[in-house]
Amino acid sequence: MRIAEMIAREDFFTILENTLNTYFRLVRNADDAFSYEEGPGEKLIINAKLGFISRFPAPRGLLTFLNGEYNIRGNFAKYLAGHAAATLIWAFPQLGQTRTCRIAKGLLGKNAFIYPQNRSVRIFDYESGQVDCIVKSGFSDKYFNNQLQFRLAHRYDFMVPLSAHGDIWFREPILDGHPLARTKNGKAYQKGLDDAVRGIRRLAEDTRSEVCASEYAQALLADIEPKLRRAAGEKQIQYSEPLLHTAQAAAEILSRSDTVELCLGHGDFQSGNIWVDPSGKTYIYDWETVGRRSVWYDSAVLNYSLRRAYGWKSLLDCAAPEAMRACEQSKRRAPDYAAMKSAVWLEDILFYLDDLLELPGISGREIFDAFAGRMVKLWNGEA
């Protein structure tokens with residue numbers, strides 16, 4: 001999400017000021033470090049269009065970061081165009097400038113910049129090789145705490161290690177490389193996918209349990225119903241009742257099955273959340289939505305691109321979606337694909353509902369309505 005979108009959604013500049021002053025007070029023991037007023041300190045450029053806050057001239061680390069962001073998967077011409085765009089933005093960070101701000105001298109490293117995100121703000125420091133992440137002021141810390149507690153309790157070689165942490169912030173190494181979604185080489189892309197799936201399967205095997213399918217179906221439905229009512233009231237979503245009807249039908253289908261294997265899973269397991277370093281080592285990151293779901297959920301999200309508009313249609317159109325079973329431990333029983341799809345259907349509704357309800361105001365409504373509209377049409381055979 002770019003800063004321009006955040007400005008349209010929230011009181012961005014006030015939130016940014018409060019967040020950074022909280023960060024510098026908690027982490028650097030500095031009060032009133034950030035402001036928009038003219039005066040002493042370093043001048044920074046807020047580039048709303050491109051999504052970063054930097055001094056001018058921009059630090060070299062920003063170019064490294066942008067090269068990862070603009071490392072377009074595709075032909076060589078697109079690759080060169082991406083690098084040219086990154087270099088242009090780095091050389092002229094004032095392109096897209098929205099506002100300036102000031103920060104106390106010495107608090108932002110020589111090779112550092114600030115990168116606001118959906119629910120947090122990140123401070124990259126390429127001199128130390130570390131990036132700090134802090135919850136945005138006024139935002140729920142639910143997802144932050146969910147990620148932090150998971151990463152403190154589980155250590156795997158496919159996870160980025162924590163360097164330090166506090167109640168509402170953490171520090172981790174800056175990874176060299178780029179998201180798997182930006183990988184150009186087909187073999188390297190497939191290797192990254194395979195490595196990530198192996199990692200998620202290890203987590204699934206270590207945390208696996210089996211529950212009664214009908215009980216799980218009713219538990220999911222009992223979670224969905226009040227959240228849909230709340231979203232209808234607070235967010236004014238369009239498809240509350242029709243989406244609930246699809247959830248009730250999916251719960252009925254799932255209830256006819258015997259058992260469901262549950263495990264801890266990532267929740268948003270897509271190629272954009274898989275990282276590949278120059279040596280080819282694969283990491284899985286952004287564990288905000290980690291939670292206990294069916295063993296099929298992560299595999300379905302990744303292999304059927306459920307985060308894209310066409311994703312659910314591709315899954316429903318597949319009569320025998322074996323790729324859903326990539327993280328399944330036991331394949332001895334004949335698969336009940338209808339029950340598997342129904343479990344993931346219910347879990348995906350909850351994924352989008354939880355995300356919607358954690359955002360301020362009515363923000364997130366358009367994304368949810370687009371998702372819900374597709375789901376209702378698919379269930380009714382209209383798409």
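Visitor: Which residue has its backbone oxygen 2.7 Å from a polar atom of the side chain of Thr246?

Guide: The residue is Leu243: its backbone oxygen lies 2.7 Å from a polar atom of the Thr246 side chain. That is a polar contact, a pair of N or O atoms within 3.5 Å; within protein, one must be able to donate a hydrogen and the other to accept it, and residues adjacent in sequence count only if both atoms are side-chain atoms. The model is predicted, so local features need pLDDT of at least 70 and side-chain atom pairs count only at pLDDT 80 or more, while totals for chains, interfaces and linings use all residues. Residues are numbered from 1 along each chain as its sequence is written, and side-chain values use heavy atoms, leaving out hydrogens and water.

Thr246 sits in helix H8, residues 240-255. Helices here are DSSP runs of H or I with at least four residues, strands are runs of E with at least two, and both are numbered from the N terminus. Thr246 counts as buried because its relative accessibility is 2%; buried means under 20% relative accessible area, exposed over 50% and partly exposed in between, with a 1.4 Å probe and protein chains only.

Contact means heavy atoms within 4.5 Å. Leaving aside residues up to four places away in sequence, Thr246 touches Trp345, Ile349, Val376 and Trp379.

Ile349 leads on to the largest nonpolar core. A nonpolar core is a set of buried Ala, Val, Leu, Ile, Met, Phe, Trp, Tyr and Cys residues joined through side-chain atoms within 4.5 Å. In soluble globular proteins, nonpolar side chains tend to be buried together. The largest core has 69 residues, and Leu254, Trp287, Ile349 and Phe368 touch the most other members. Helix H11, residues 337-357, gives the most to this core, with 14 residues. A second, separate core has 27 residues, among them Met6, Tyr23, Tyr36 and Leu108.

Another helix to look at is H6, residues 186-207. Its 22 residues should span 32 Å at 1.5 Å a residue, and the end C-alpha atoms are 32 Å apart, which agrees; the expected span is 1.5 Å times one less than the number of residues. Asn185 caps the N-terminal end of H6, with a side-chain oxygen 2.9 Å from the backbone nitrogen of Lys187. Buried residues of H6 include Tyr189, Leu193, Val197, Ile200 and Leu203.
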